[in-house]
Amino acid sequence: MTALTLSPRWSRRIGNWALNLLTYAVVAILVAPVVWLVFGSLQTDSDLANGTYDFLSPTTAAFREMWDTVDFERYFVNSLVICSVAALLATAFASSAGYALARFRFRGADTFSLTVIGTQLIPGTMFLLPIFLGFIWLNQNTPVQLYDTRLGLILVYTAFFTPVAIFLMRAFFVAIPRELEEAALVDGCSPFSAFVRIVLPNAAPGIIATYVYAFLFAWDELLFAATLTERDSETIPIGIRTFISNYQQEYAQLLAAGVVATLPVMVAFFATQRWLVRGLTAGSVKG
Amino acid sequence: MLGVHIAPTIAGIYVAFLDVNLFTFHLLFRAPFVGLDNFRAILVESDNPLRPGFMDALRNTISYTAWTVGITLSAGLGVALLLNRRFPGRRVCRTLMLAPWVVPSFVAALLWQFMWQSDTGIINRILVDYTHLLDDRPIWLLGENSIWAIIVPTIWRGLPFVILVFLAGLQAVPDELYEAAAIDGAGPWQRFRYITLPLLRPLIAIQLLFGVIYSAYQFAIPFVMLGSNPGPYADLLMTLIVRQAFTNQLIGYGAAISTLMMIAMLLWVAVWYRAFRRDLVAAA
């Protein structure tokens with residue numbers, strides 16, 4: 001062997017290093033925009049506009065100003081209230097329905113998954129237009145006020161997220177061995193108390209994951225929020241849109257608003273990541 | 001549970017046959033019934049003023065969906081293969097790559113909208129000022145480039161979930177298969193082509209099915225980045241529907257396009273089912 005040719009072992013090593021480098025580069029590209037979001041929010045508007053970035057002396061001025069510029073607090077509180085309540089209702093419905101689907105055989109149980117997939121085929125605007133007309137009609141003809149109220153969005157989100165939540169909860173309930181319940185029944189539990197005392201505690205990770213899932217989706221929802229609200233119950237995505245159209249030059253504040261809107265999601269996500277990722281990928285892997 | 005989905009859908013289809021406009025809006029569901037007029041305006045009447053906007057949005061939606069789904073799935077598979085190897089920092093990389101997924105899509109849109117800015121955005125700074133790859137600063141958020149300004153963030157945000165699913169699938173492939181193939185003299189490409197791809201086919205099928213549906217119904221990213229009127233190069237069917245229904249109060253017209261979209265998706269599911277029926281049976 002001459003000195004210039006590489007031994008197979010070395011060429012494989014170099015190939016491995018190249019692939020490692022490629023992997024790091026890809027991950028860096030995926031993460032970079034998020035890093036930029038955080039860095040940018042700690043700069044001043046003029047630094048961002050002129051490209052004179054100063055990463056050594058960050059300032060939190062943008063975070064303080066942004067609350068006043070678009071009354072961000074209103075959007076933030078609306079989002080928190082609407083999303084927590086809607087996720088709670090969807091999870092409560094999904095727990096009972098998911099349990100029924102996992103444990104009891106009845107007609108139509110098999111077609112359920114198909115129906116859940118079916119609901120995904122309907123464009124949001126298909127529900128939205130009649131719901132919009134219906135809300136307006138209620139406002140004009142009855143004392144029930146749903147247009148531009150938190151209650152209206154809560155109802156819509158609950159209805160919207162319950163099917164997928166049931167799908168998730170069913171998978172978690174199926175994973176709990178039936179023998180646990182049977183043992184409780186033998187020991188003299190009623191079916192209901194077996195559900196409350198044995199099944200629910202075991203399903204807790206699933207319930208939390210489903211709650212977080214519904215919360216994340218509601219937090220991210222824009223179509224209904226953009227069209228069924230006018231002022232009082234506008235949520236964060238609408239606030240961000242208002243920011244972009246009216247305060248385009250306040251770059252740092254825009255990014256700061258983005259950071260604040262991401263924080264609750266990030267906390268919820270990483271606190272429950274284990275269960276959430278398992279629950280979401282399990283369905284698609286079994287396919 | 002199903003009532004909350006089916007009843008409004010049927011009502012929505014009914015609205016597609018009504019002439020709800022600025023003058024009849026106060027009548028709500030009792031607006032004049034005009035039969036297929038809304039559909040005719042979109043599909044048949046070539047001189048209808050609403051038609052060019054619809055054709056633009058249709059063309060943009062098709063290319064937006066094709067590009068986002070195509071690139072997200074192929075890049076997602078590639079990155080999953082990279083992350084499935086043994087290398088230093090594997091655990092950290094697998095957590096870090098979730099970052100785009102944790103950011104809500106409206107924040108992703110806000111962030112990219114800022115990065116795409118022609119004069120002050122970081123993308124042009126890198127391409128023009130730092131690396132001199134381009135001589136003059138492209139305008140990303142207007143004109144022909146604007147469709148890419150919404151495709152790229154959609155791919156960026158969609159990648160982590162696809163990678164997660166493919167990684168889970170890759171880990172389920174038994175090592176013995178690769179070892180046996182290697183002993184029989186199969187190279188890396190042959191192992192990928194004849195072991196990995198066939199075993200991942202059901203996963204690819206499911207991702208393809210939902211990827212197309214979610215892309216076609218994407219609203220948040222184009223709306224936050226480009227507003228309610230993204231212009232003829234980036235207007236999607238969803239932004240068109242919302243603009244016509246809520247800014248111009250042509251609610252029946254919006255409902256008609258929604259109905260057509262739903263029919264298109266049903267057709268897509270039928271095509272998908274014919275193509276992947278074998279894999280569904282294999283998976284079950």
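**Figure 1. Polar contacts where chain A meets chain B.** In this predicted model, 14 residue pairs make polar contact across the interface of chain A and chain B, counting pairs with both residues at pLDDT 80 or more. On the side of chain A that touches chain B, the largest share comes from helix H1 (residues 8–41) of chain A, with 15 residues. Zooming out a bit, 77 residues of chain A are in contact with 84 residues of chain B. Together the two chains bury about 6900 Å², and 80% of that is on carbon and sulfur atoms.

**Figure 2. The salt bridge between the chains.** The count here is one salt bridge between chain A and chain B. The partners are Arg157(B) and Asp220(A), whose closest N and O atoms sit 3.5 Å apart.

**Figure 3. A stacked ring pair in chain A.** The structure holds 33 aromatic pairs over all chains. Take Phe215(A) and Trp219(A): their ring centres are 5.5 Å apart and their planes make an angle of 25°, so the pair counts as stacked, given that the cut-off for stacking is under 30 degrees. Both residues belong to helix H9 (residues 191–219) of chain A, where they are four residues apart, or about one turn of the helix. Phe215(A) and Trp219(A) are both buried, too.

**Figure 4. A tilted ring pair in chain B.** Phe17(B) and Phe39(B) pair up with 5.5 Å from centre to centre and 50° between the planes, which makes the pair tilted. This one links distant parts of the chain, as the two residues are 22 apart. Phe17(B) is in the loop between helix H1 (3–15) and helix H2 (37–43) of chain B, while Phe39(B) is in helix H2 itself. Buried or exposed, then, for Phe39(B)? Phe39(B) counts as buried because its relative accessibility is 10%, and the cut-off is under 20%. Phe17(B), with a relative accessible area of 21%, is partly exposed.

**Figure 5. The ring cluster in chain A.** Which residues do ring pairs link into a cluster? They are Trp67(A), Phe72(A), Tyr75(A), Phe76(A), Tyr211(A), Phe215(A) and Trp219(A). The stacked pair of Phe215(A) and Trp219(A) is thus part of this group. Tyr75(A), another member, has Arg74(A) lying over its face, at 4.7 Å from the ring centre.

**Figure 6. An arginine over a ring of the other chain.** Here Arg241(A) lies over the face of Phe223(B). The distance to the ring centre is 6.0 Å.

Terms used. Residues are numbered from 1 along each chain as its sequence is written. Chains are lettered from A and ligands numbered from 1 in the order in which they are written. This is a predicted model: local features need pLDDT of at least 70, side-chain atom pairs count only at pLDDT 80 or more; totals for chains, interfaces and linings use all residues. Side-chain values use heavy atoms; hydrogens and water are left out. Rings of Phe, Tyr and Trp (its six-membered ring) pair if their centres lie within 6.5 Å; planes under 30 degrees apart count as stacked, over 60 as edge-to-face and the rest as tilted. Buried means under 20% relative accessible area, exposed over 50%, partly exposed in between (1.4 Å probe, protein chains only). A charge sits over a ring if NZ of Lys or CZ of Arg is within 6 Å of the ring centre and within 35 degrees of the ring normal. Contact means heavy atoms within 4.5 Å. Buried area is the accessible area (1.4 Å probe) that two parts lose on being put together, summed over both. A salt bridge is a side-chain nitrogen of Lys or Arg within 4 Å of a carboxyl oxygen of Asp or Glu. A polar contact is a pair of N or O atoms within 3.5 Å; within protein, one must be able to donate a hydrogen and the other to accept it, and residues adjacent in sequence count only if both atoms are side-chain atoms.
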